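Me: I would like to learn how to read salt bridges in a protein model. Could you take me through a case?

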Amino acid sequence: MTCSPGLSPPASQTLLVEYSRGYPLCMDQYSRLFASCRLPGPKHDSVLLPPPGRRPPTYITVVRNFQFFQLEVYNSDGTPLTVDQLHWQLQRIRSQSWKTDKEPLGVLTSDHRHTWGQAYTTLMRDKLNRESARAIQRSLFTVCLDAPVLKVSDARAASRLAAQMLHGGGSHSNSGNRWFDKTLQFIVGEDGSCGVLYEQAVAEGPPIATIIDHVLDYCKDPVPVRAPLIPLQLPQKLYFYFTPEIKRDIEHAKQNLDILITDLDISCFTYRRFGKERLKRQGLSPDSVLQVALQLAYYRAHGELCPTAESASLRRFHRGRTETIRSATSAALAFVQGMADDNCQAPERLSLLKRAVEVHSALTEQALDGQGIDRHLLGLKLEAIADGFRVPELFMDTSYAVASYWKLSTGQVAARTDCVMCYGPLVPDGYAVCYNPLFSHINFAVTAFNCCQETNAELLAGSLQGALDDVGALLGYSGDESPEKDA
């Protein structure tokens, strides 16, 4: 984490406005990424945000071997710490955190929200615990210095890395090295692994991807700054008092987390036969092509289409969050059925593919423009509940329940960095698929639950690669063509 000198103070509000498809995007999410944290409650969670108008915090938290430290990242004259200063301070933290017999307090934040809420109430009864927890929650972000993990085959390396970033590998590994409620956690392992874990209460994936791009751009071309001759205060260790009740809560959280981790199946891969550039040259939306390919992959794996949710940004609107693009369309069904019909020839299949892509692109534009249906219906339902009205019959209808049971949860999180975001399925018998389309290749992360015999992340990932091959063949991409020819 030697990139923070390149970041402006979070309250400066000097970010240039981003644009997408010619529209300016709301930048409000960036103001909520730093010094924020999700807070558990007995009934409902809340979000801790830095008070507007006040000077933001000037420190981060660093955790190593389950031990938390408060690290000031600004000098007394207001300048950010230099790379050398940060390195020195992290070395000091490292020298104070060699013991590996500490309670993995962070696993509490991974538990079911109601369970964690009850444990949080117990934890916060003690003044020392309150002060330490508040320091973590109010910090700009958290840096997790992870222990190395067991090596796996090259074929599974990306999937193992994704799992390590998502959950830390379990209570026996680095999961206690997290505060899962914290909005931003930058993870750096002794084995060279690195990534970012974020909590979705205040923001979506694209702003996180933009921050990653910015940080790595800075690392490639850092601004050389001489360290001022100012003595650095020792990083402050954050202590907790563990009662027998809290220790029992930690043990229960460890067991629950390990069960969840064992149940989660992750399969990451990079598709290299084409990337977004070739698709754009043919006037096709890369996202729409990938969504149609996903429909083909699921159809081949399960013999049917299923309710599919793709997240669309509503940042064209003030404080907009997301809308749902329903990718399982009649046009997509016609295409996948055409691909399964031996009597359907390549020209007709190509026509069906382009029609499915056009329909998805139109639905995408509607969603981006606030013309989707899912958030509107959710608002009406929640308003009826809040006002004490009877929930309209529409929401009790079986067809509505089936149509909103998202067996395929998908999302494009585009970044210039060669990375991919991953998350878990929304339903027990479903999948989650996230992807990052780059110039000449595409990164995918597929997840499923092992407890369901009907789903298999590796199976869907393989089916998706085959579907992409067939879509590429229809579009005239030969399999032996080198991706470097795109550049």
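**Reading the salt bridges**

Reply: Start with the count. This is a predicted model, and the structure holds 21 salt bridges.

Me: What do the side chains of Arg319 and Asp28 form?

Reply: They meet in a salt bridge, with N to O at 3.6 Å. Now look at where each partner sits. Arg319 is in the loop between strand S12 (308-313) and strand S13 (322-326), while Asp28 is in helix H1 (residues 28-33), so the pair ties together parts 291 residues apart in sequence.

Me: Is Asp28 buried or exposed?

Reply: Buried means under 20% relative accessible area. Asp28 has 19% relative accessibility, so Asp28 counts as buried.

Me: Which residue does Glu204 meet in a salt bridge?

Reply: The partner is Arg321, at 2.6 Å from N to O. Glu204 lies in the loop between strand S9 (194-198) and helix H6 (205-220), and Arg321 in the loop between S12 and S13, so this pair ties together parts 117 residues apart in sequence. Glu204 is buried, at 10% relative accessible area. Arg321 is partly exposed, at 28%.

Me: How far apart are the closest N and O atoms of Arg326 and Asp374?

Reply: They are 2.8 Å apart, in a salt bridge. Arg326 belongs to strand S13 and Asp374 to helix H12 (residues 374-386), so the pair ties together parts 48 residues apart in sequence. Arg326 is partly exposed, at 24% relative accessible area. Asp374, at 8%, counts as buried.

Me: Which residues are linked in a network of salt bridges?

Reply: Arg38, Asp45, Arg113, Asp181 and Glu199 are linked in such a network.

Definitions and conventions:
Residues numbered from 1 in each chain as written. Predicted model: local features only at pLDDT ≥ 70, side-chain atom pairs only at ≥ 80, totals over all residues. Heavy atoms only, no water. Salt bridge = Lys/Arg side-chain N within 4 Å of Asp/Glu carboxyl O. Helix = DSSP H or I, 4+ residues; strand = E, 2+ residues; numbered from the N terminus. Buried < 20%, exposed > 50% of the residue type's maximum accessible area, 1.4 Å probe, protein only.
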